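Please look over the model below alongside these notes. The points are numbered and can be read separately.

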Amino acid sequence: MPPRYVPEDSLLSPRFTGPATFARLPYVRTLEEVDVAIVGVPFDTGVTYRVGGRFGPNAVRAASVMLRPYNANLDVKPFEYLSCVDYGDVAIIPGNIERSYQAIEEAVAPIVEAGVVPLLVGGDHACTLPHLRATRTRGPVAVVDFDAHTDALDSYFGEKYNHGTWMRRAIEEGLVDTAHSIEVGLRGSIYDAEDRSSLRTELGLEYLTTEDVFELGPAAVASRIRERVGDRPAFISFDIDVVDPGFAPGTGTPEAGGPSAHDMLAVLRGLTGIDFLGFDVVEVIPAYDPAGQTATLAANLAYEMLSLVALRRAGR
Ligand SMILES: [Mn+2]
């Protein structure tokens, strides 16, 4: 049986017509006959610098109308294997992190419990903690975090919950299978050497810096990630700031000297065979994205994630 929910055919109706949903998918809040639900999380109360990520989900939707059916790099038509919906946005509470966390977890947990893969589009990175909480029944999960930053501080301005602390909180809450998790792309000035080294010594996380990524190249980075994750249920969190700000300027805490858009897409394409149970793409801020290139990249990263799920369903 063909998938129930598929994108509009852009050869029949031009891609600039109609309200923009992710990849021109139906906007339906259902989990019946659904494999992947794309969920917007218009939340930016957890940031420490630039605000405006609340407008990220709709910017990514607008950019995603350019996605076409065939992934030539992975030789798969994801929507031939997957029924996908644009599930709409979580009704977050601007200015209130705890209540927003609750709203996000309550929205996503039923998706996970229904065996549907959630693909969240942020929003700031703080929303990954409630996303991981929603996977608790399937966890702990192997987290692959693409990020310029560790996001493992203990607190920021005395606050425990924000986009710079979610990884440490998630580990404390037992949501992360640390022995199979990895952070990829760390760079930039930091407060102290231990900010990075303590990932290994204190938290048991592995990591690759941006320098490692350049030295290894995309294929070897992907193979390191696959080795680390193994056959564990896994979760990708993709902070767009891991990509060089020349390619992805529309973000909250940019760091100079990062990998290209191409190389990070290539790393994702190398992650075939992993059992993914959730994804998020976060930290897109359209106000700093003059030509929409950050949103376009985010849409394409999400498309690679869908393609990975499709390949696994296809048994490839
Ligand atoms: Mn981050």
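1. The lining of the largest pocket splits into 8 nonpolar, 8 polar and 8 charged residues. Here Ala, Val, Leu, Ile, Met, Phe, Trp, Tyr, Cys and Pro count as nonpolar, Asp, Glu, Lys and Arg as charged, and the others, Gly among them, as polar. This is a predicted model, in which local features need pLDDT of at least 70 and side-chain atom pairs count only at pLDDT 80 or more, while totals for chains, interfaces and linings use all residues. Residues are numbered from 1 along each chain as its sequence is written, and side-chain values use heavy atoms, with hydrogens and water left out.

2. The largest pocket holds about 480 Å³ of space. Its lining has 24 residues, and those closest to the centre are His149, Tyr156, Tyr191, Thr253 and Glu255. A pocket is an open set of points on a 1 Å grid over the protein atoms alone, where a 1.4 Å probe fits, with protein on both sides within 12 Å along at least five of seven lines; lining residues have an atom within 4 Å of a point. The volume is the space filled by probe spheres set on the points, which are joined across faces, edges and corners.

3. About 340 Å³ lies in the second largest pocket. Pro7, Glu8, Asp9, Arg68 and Pro69 are the closest to its centre among 15 lining residues. That lining divides into 7 nonpolar, 1 polar and 7 charged.

4. The manganese ion is coordinated at 2.1 to 2.2 Å by His125 (ND1), Asp147 (OD), Asp151 (OD) and Asp239 (OD). Donors are N, O and S atoms within 2.8 Å of the metal (3.2 Å for Na, K and Ca); water is not among the atoms, so sites may look incomplete. Along the chain, the donor spacing is H-x21-D-x3-D-x87-D. Histidine 125 is in the loop between strand S3 (117-122) and helix H4 (128-133), and aspartate 239 is in strand S7 (residues 233-239), so the pair ties together parts 114 residues apart in sequence. Helices (H or I, at least four residues) and strands (E, at least two) are DSSP runs, numbered from the N terminus. Histidine 125 and aspartate 239 are both buried (under 20% relative accessible area, 1.4 Å probe, protein chains only).

5. Serine 307 sits in helix H10. Serine 307 is buried, at 0% relative accessible area. Beyond neighbours within four places in sequence, serine 307 is in contact (heavy atoms within 4.5 Å) with Asn71, Leu74, Val76 and Pro78.

Key: Buried means under 20% relative accessible area, exposed over 50%, partly exposed in between (1.4 Å probe, protein chains only).
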